[in-house]
Amino acid sequence: MNGNIPLDQYKQADFLTSFPLTYKSDLNIRVFMENSIANYLHQLAPELSSDELLEKGNLQFSFFVDHQFIYKDNISPGCWIGNANELKNTLTTFRIPLTSSKGENLWALHLWERFQLNGGENALKEGKHQLKIEIRPYFKIDEKTEAKVGKLIAEGQVELVIETPKATAKQIAIPMIQHNSDWKISDFKLDKKKIEALNKEIVTYNLKEITSIVVINDGKLLLEEYFNGADRNTLHDPRSAGKSFVSTLMGIAIKDGYIKDENQTLNQFYNLKNFENYNVKKEQIKIKDLLTMSSSFEGSDANSDSPGNEENMYPTDNWVKFTLDLPVDDAKNNGGKWDYFTAGTIILGDILDKKVPGGLEKYADEKLFKPLNIKNYQWQYTPQNVANTAGSLQMTSLDYAKYAVLYKNNGIWNGKQILPQDWVQKTFTHQIKIPERENEFYSYLFWNKTVNYKGKNYETYYCAGNGGNEFIIFKDLPIVIIITAKAYNKPYGHPQAEKIVRDFILPAILK
């Protein structure tokens with residue numbers, strides 16, 4: 001169906017036989033079943049209770065295009081809306097928005113995106129295609145055991161009419177860089193055809209929700225482009241790319257003597273016996289462990305069941321207390337293993353806020369933003385009204401470029417040492433390996449990876465945030481790249497940024 005049609009208004013005529021699928025459309029399905037999901041799961045494992053079934057099972061979606069199987073997805077047991085288990089026990093009909101122009105942030109949208117990434121996009125080229133979806137119940141005891149899949153319980157099909165968006169010559173043309181910024185304009189001759197090809201990909205939504213691309217070459221502004229309603233004055237929300245700023249401020253505070261060094265432990269800043277789950281291991285957590293996401297706190301943003309997952313922190317009224325109350329993980333040694341932990345950056349911000357004169361926000365403005373002539377920015381705040389060092393520090397793309405170039409220049413801006421050179425060198429060091437990633441590392445709230453182009457490796461350090469936001473500094477090339485995007489919680493966010501760098505920007509410069 002086209003959009004959200006309430007069940008009490010639903011008519012036979014609302015069943016679509018054909019649908020024009022565009023980048024922003026409202027392709028919905030309404031599923032009608034004879035029984036509830038819990039009932040179907042009970043048929044697979046009758047010896048288990050309803051709660052046990054719903055913890056281990058859900059629905060399996062199979063996608064076919066033009067009678068060819070493309071993709072199968074076992075929906076996570078936790079995925080639903082409202083009171084999930086109650087709905088799964090009673091519901092026999094429900095709506096799923098596969099695509100949405102309304103920005104509905106439901107698991108179903110990610111289901112469609114995963115289908116697109118796993119063959120759907122290649123199968124749905126311009127023209128008419130038959131899309132068929134089949135739904136079955138599945139039950140999986142654990143990760144090692146193969147899922148038990150039930151019989152077909154619902155299926156539907158529709159003809160999708162795909163029309164590729166057309167890009168005009170004006171839309172793909174490289175805009176002339178305007179003066180009146182703090183940047184000198186580069187006279188380097190890049191390969192315009194590569195950038196025009198990039199612009200076409202963005203305009204036709206093959207690269208989605210990109211808002212800006214800025215390239216600095218040899219300290220000069222080489223490329224400045226904006227998309228999807230953004231412009232030079234837009235304040236972007238780069239999510240966790242903003243975490244890196246607290247590392248910068250820590251380096252400056254150490255230089256100024258407000259913090260001794262990054263090896264100071266938490267017991268030098270807090271009486272940890274006043275917090276829950278006291279453990280001597282917690283006393284030994286260093287600033288460095290929080291900077292490298294390798295503390296022994298039982299906190300992992302990658303694990304939704306982790307007590308210290310960031311989603312558990314945000315609803316609380318004191319994020320510092322939330323973090324310091326956490327237990328330690330007996331399997332972790334401080335500084336031993338990387339595990340992404342947003343709450344740790346809140347502790348770093350709190351330490352600075354207590355130790356620097358005038359608090360964190362004033363100190364950041366005087367010691368970092370004013371020297372870089374960054375005037376237009378917006379912090380988010382913790383419940384204690386402290387600048388939020390977990391991310392979402394909003395600035396313009398050109399100001400993010402200043403920040404990245406500060407690191408590229410070993411902490412120097414306009415001839416003045418703003419950030420200690422040794423802090424930049426520590427940041428540009430493989431502090432800790434990222435598990436399950438080949439040749440990727442993490443340092444002082446900066447990521448590290450190597451880009452391969454035409455058989456040569458180019459090492460980068462970069463800030464990264466949800467949505468595909470990246471501030472990329474090439475270690476051995478005179479290049480800094482800022483990419484801002486709003487593909488929040490989309491699986492294609494960071495792969496798009498990698499594609500922009502590897503397939504378009506590097507070929508345009510390294511001709």
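The crossing of helix 7 and helix 12 is left-handed, meaning that the near helix is turned anticlockwise from the far one by less than a right angle. The model is predicted; local features need pLDDT of at least 70 and side-chain atom pairs pLDDT 80 or more, whereas totals for chains, interfaces and linings use all residues. Residues are numbered from 1 along each chain as its sequence is written, and side-chain values use heavy atoms, without hydrogens or water.

The axes of helix 7 (residues 244-256) and helix 12 (residues 343-355) come within 10 Å and cross at roughly 35° (lines fitted to C-alpha atoms over the stretch in contact; angles from 0 to 180 degrees between N-to-C directions). In contact (heavy atoms within 4.5 Å) are V246, L249, M250 and A253 of helix 7 with L348, G349 and L352 of helix 12. By class, this contact has six nonpolar residues, one polar and no charged; Gly counts as polar.

Buried denotes under 20% relative accessible area with a 1.4 Å probe, protein chains only. Strand 1 pairs with strand 8 (residues 154-162) in the parallel sense over four bridges (pairing requires at least two DSSP bridges), and S18 has E159 as its bridge partner in strand 8.

The protein chain contains 16 helices and 18 strands, taken as DSSP runs of H or I with at least four residues and of E with at least two, numbered from the N terminus. Of its 511 residues, 53% count as buried.

Key:
Buried means under 20% relative accessible area, exposed over 50%, partly exposed in between (1.4 Å probe, protein chains only).
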